[in-house]
Amino acid sequence: MMLACTTACTTMTPGTLAANDQAGARTMPDGDWQTIHRDLAATRYSPLADINRANVGGLQQAWTYPYRAFTVAVPLVIDGVMYFPAQNRLIALDGATGEEVWVYEHEFPASDQPGPPPAFAARGLAYWPGDGQHGARLLVTGGNALMAFDFETGEPVTSFGDNGAVAIDPGYSGTPTITGNVAIIGAASLENPQGAAGNPRAFNVVTGEKLWEFDTTPDEGEPFHDTWGGGAENRGGTNMWGFAATVDESTGTAYLPIAGPAHNYYGGDRPGTNEFANSVVAVDAETGEYQWHFQTVHHDIWDIDMSHAGALIPVEAPDGQQHMALANVGKSSLFFVLDAEDGEPVLPVEERRVPPGDVPGEYYHPTQPFPVVTPPLSRVEMTYQDIVGPEDTTAAHSEACYDLWERAGGFVNLGPFTPFMYRAEGQPPRSTIQLPGGIGGVNWGGPAADPTTGMVFVNALDTSLVGWVEKVEGDEPYSFDTSAAGPLPEYDRAFITGKGPFHTFTAPLSGEYDEAGRPVGPALPCYKPPWARLTAVNANTGEIAWAVPLGQYDELPEGRRVLGNAGSAGPSVTAGGLVFVGATNDRRFRAFDAESGEQLWEAQLQGNANANPFSYRGSDGRQYVAINAGGQIVSFALEE
């Protein structure tokens, strides 16, 4: 069945996936890191074991490279050379020394749009090894273009598209996913307010020709159109903003992570489950032809985007059956294990009733899918008794939290998928708290998985969103997304501190606010810690193996600091039995024992590492572990 695929879906050159000699499967040396997740299976698993549990304590900083820009990119490493974008530059470094191999500065066309000048995507690039007739290439997005550059020199490949670039609209800030001669990209379309369609697209790596586009909001007459209640047309969001797709090269299947639809917090104009929103969608990588999908959230009004498709690993289900499976956990913190062939849950999932809300005209789906075995990996509910106490942080912080609760009119929470309640104009504050909140849970950092054991490792956050839904008056947007031309929603989010959905149940550690109402000093969550955990889940059984607080607050008294202080990045895992993570907001890079969760090593960084770590073998034969942090690449190795 061909479904929701448009624009030259059948123009692919036969044998596209056979770019290499082994039926399309890209062979990779153990010491390489060839995609943002190392491999197309998105495992972030390095088979190197020179650095292991026994010697990781001896890791020392080997070199640093300041790149003088902002990026959260995960560099690629091929044959000992490291590649990454930094603003308008592509940079190649010797992975053993940090010395420049080449630097290419790109001259972007001048833009009359407000904001910073055009630049390469801050999240990374992609590698294509060549096909015997064409040399290896690097592909990267920038502005509204997909561009190809020579792997050896960094110069544009002028035979690709129009003098090295293909126009894409909307743009995409993730990394192209390359399988065979196919480059798959997502779309940075707006979710609040309305923006352009968020359809994933694919292009020929050699020519730049557009190959297919998957329609994430099915048109009239297509399967699943009726799940939108007439609201699919001109619908923004429903996009693949995740940094990459997962690919099974043995079957030629790409797994697309599709986010929630616009508007984020009101869906009265799209009644129904809204398939393919908030789903993993499996398509044929060559043609974009639909194979299956699994929806993790029905009718999203919480901004629980699908930030990644999950790691593709072999698992053995409790009934003894073997599966290739996607281990997926997103912003809801719910852990799903899906059969890669048909999308059916390998571990049981059941539909459970969730609470309705009272916003006029809103549609509330009565149930949501829940894993039966694995509990949520983050906090999903709270009561007044869960407010942080002075014994948890400080007396000033706790007092400020209780004061915020009272000023907000209290917070309604009815457990997972609590909807934001309605507040009519002129009525006293009536607030709702959503947990784990719009950033997760597990955000774009996603999981790392050991395919030899089935263990999956995630940085899971306890975050919150608070406020209510009110009727929108006037034409002032409630969101920071102000560039879209589409109409505002009839209802949107607000709180006692102003319009918009991005308010949280946090208070200053000092207990003080400035004249503008901003916290003086750091603001900490107002519910009992820990607030972030590094968690290991056995994908074979769904059982949590261990969970430990991730990150600390140096501002707190001794003995109260390790409360969980992490951002959206995630971990990586190695055959040496180690889980590396630098996602914390305390300027540290850590290594944990993959079996026990015990912290074995820590290094101080110049800045926070809001990027995933990576490991590789340098040209000198040594294993390195590196992280992008504080405007520089920092690489570590054992003493020679």
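This is a predicted model: local features need pLDDT of at least 70, side-chain atom pairs count only at pLDDT 80 or more; totals for chains, interfaces and linings use all residues.
The chain has a mean pLDDT (the predictor's confidence in each residue, from 0 to 100) of 93, and 95% of its residues reach 70 or more. Residues 1–24 have pLDDT below 50; beyond near neighbours in sequence, this stretch makes 62 contacts in the model, a contact being heavy atoms within 4.5 Å.

Helices (H or I, at least four residues) and strands (E, at least two) are DSSP runs numbered from the N terminus, and two strands pair if DSSP finds at least two bridges between them. Strands β38 (residues 588–593) and β39 (residues 599–604) run antiparallel and are joined by five bridges. Their hairpin has five residues between the strands, and Gly597 there takes a positive phi near 85 degrees.

An open sheet is formed by four strands in the order β27-β28-β34-β35, with antiparallel pairing. From one strand to the next the twist averages 20 degrees, where axes are lines fitted to C-alpha atoms, for helices over the stretch in contact, and angles run from 0 to 180 degrees between N-to-C directions. Within this sheet, five bridges join β34 (residues 532–538) to β35 in an antiparallel arrangement, and Val537 stands opposite Ile544 in β35.

One disulfide is found in a search of the whole structure, the criterion being a pair of cysteine sulfur atoms within 2.5 Å. The disulfide joins Cys401 to Cys526, with an S to S distance of 2.1 Å. The link of Cys401 and Cys526 is left-handed, with -80 degrees about the S-S bond. Cys401 belongs to helix α1 (residues 395–407) and Cys526 to the loop between β33 (523–525) and β34, so the pair ties together parts that are 125 residues apart in sequence. Accessibility was classed as buried under 20% relative accessible area, exposed over 50%, and partly exposed in between (1.4 Å probe, protein chains only). Cys401 is buried at 0% relative accessibility, and Cys526 is buried with a relative accessible area of 0%.

Several loops carry backbone features. The loop between β17 (253–258) and β18 (279–284) holds Phe276, which is joined to Glu275 by a cis peptide bond with omega of about 15 degrees. Asn274 is placed in the loop between β17 and β18; its phi is near 65 degrees, a positive value in a residue other than glycine. Asn274 is buried, at 0% relative accessibility. Arg68, in the loop between β3 (59–66) and β4 (76–78), has a positive phi of about 55 degrees although it is not a glycine. Arg68 is exposed, with a relative accessible area of 63%.

The peptide bond from Asp169 to Pro170 is cis, with omega near 5 degrees, and Pro170 lies in the loop between β11 (165–167) and β12. Asn181 occupies the loop between β12 (177–179) and β13 (182–185) and is buried, with a relative accessible area of 12%.

Note on methods: Residues are numbered from 1 along each chain as its sequence is written. Side-chain values use heavy atoms; hydrogens and water are left out.
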